[in-house]
Amino acid sequence: MRDNPVLRIVAKIIIPVILLFALYVQFHGDFGPGGGFQAGAIFAAGFILYGLVFGTEALRNAIPPGLLRFVIALGLVLYAGVGATTMLLGSDYLAYGALAHDLISGQHLGIFLVELGVGITVSAVIVTIFLAFAGRNDP
Amino acid sequence: MLIEAINIVLLGMLVLTAFAAVRLHDLFAVTMMFGIYSLLAAVVFVVLDAVDVAFTEAAVGVGISTILMLATIGLVGRHEQRPAHRPLLPLLVVAVTGAALVYGTLDMPFFADPAAPVHQHVAPYYLGKSPEQTGIPNVVTSILASYRGYDTLGELAVIFTAGVGVLALLGLRRRKRPSKERPTP
């Protein structure tokens, strides 16, 4: 597929749109359908399309495996860290009201951070699984 | 009435797709059937007003798992091997299990029954209190991330474990021969 110019150009145009839509789904999840799980899958789809069109070697150059391993853990640590922070602030685990001066903005901040953690880990895990499977075919 | 007709058509197509996936022996076509199955399931979720679930099904079921199955076919070849034994015993096990599951559903409340226990327990509290307690318009997000934060943390831990498991079993190959492609200064 690497030699098909139509595919290469279309992929280059469409990948930024996919990533932008994933960010929209991530940060608009409070107001409409969407959230971290969906956004993570769509964000990973952008990288997978890059890997399909330009080869897994190019994808591995774009995201080094060491960085991917780090990012997989980062999302979960962010989620659990929000819980630890609310405990340090004197409230229950994952009780977001303690994060800000009033309950509503605390909930907004907490849900924002938690969904961000979900999106980060989900997208990194999906890209990792794709690379682990598809990368075995490389010479 | 119209909703019932749409549901019957969609569920009928789900059954047809499942049978086609079982009967076909070309794994590439079977993967396409699985993708169509997931897309139909996503449409069923939209009809049931579960838009968030439909979104997840469309992104993960149709997109990501189809890609992963295609990547696996690239490794193992696209033609199914002939089974070494007769399919009678597995068929019996599947039929008995399916019959037991259908028998179990007879005790469940009817579809969309407002008196069902699931609509009486905590759901009215969440639906009533979510706007003033969280200030978030999408009640699915407020339940998932706030009221049920522990469960979502557990789900994320499951996904994390899946990623770590794949890394441990298959691993990611490090970049080889970087010196040939990009000479280091």
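Residues count from 1 along each chain as its sequence is written, and chains are lettered from A, ligands numbered from 1, in the order in which they are written. In this predicted model, local features need pLDDT of at least 70 and side-chain atom pairs count only at pLDDT 80 or more, while totals for chains, interfaces and linings use all residues.

**Confidence.** The mean is 89, and 96% of the residues of chain A reach 70 or more.

**Helix H8(B).** I took helices as DSSP runs (H or I, at least four residues), numbered from the N terminus. H8(B) covers residues 149–169. I checked its length against the expected span (1.5 Å times one less than the number of residues). The 21 residues should span 30 Å, and the end C-alpha atoms are 30 Å apart, which agrees.

Next I sorted H8(B) by burial. Buried means 20 or more other C-beta atoms within 10 Å of the residue's own, exposed means 12 or fewer, and partly exposed is in between; C-beta atoms are placed from the backbone. Gly149(B), Thr152(B), Leu153(B), Leu156(B), Ile159(B), Phe160(B) and Gly163(B) are buried. The face turned away carries exposed residues, including Tyr150(B), Asp151(B) and Leu169(B).

What does the buried side pack against? I found helices H4 and H5 of chain A, together with H7 of chain B.

**After H8(B).** Gly171(B) takes a positive phi of about 75° just after the helix. Leu172(B) is in the loop between H8 and H9 of chain B. Leu172(B) counts as buried because it has 20 C-beta neighbours inside 10 Å. I listed its contacts (C-beta atoms, placed from the backbone, within 7 Å). Leaving out residues up to four places away in sequence, Leu172(B) touches Leu167(B) and several residues of chain A, among them Pro65(A), Leu68(A) and Leu131(A).

**Chain contact.** Chain A gives 48 residues and chain B gives 41. On the side of chain A, H2, H3, H4 and H5 each give two or more residues.

Terms used. Two residues are in contact if their C-beta atoms, placed from the backbone, lie within 7 Å. pLDDT is the predictor's confidence in each residue, from 0 to 100.
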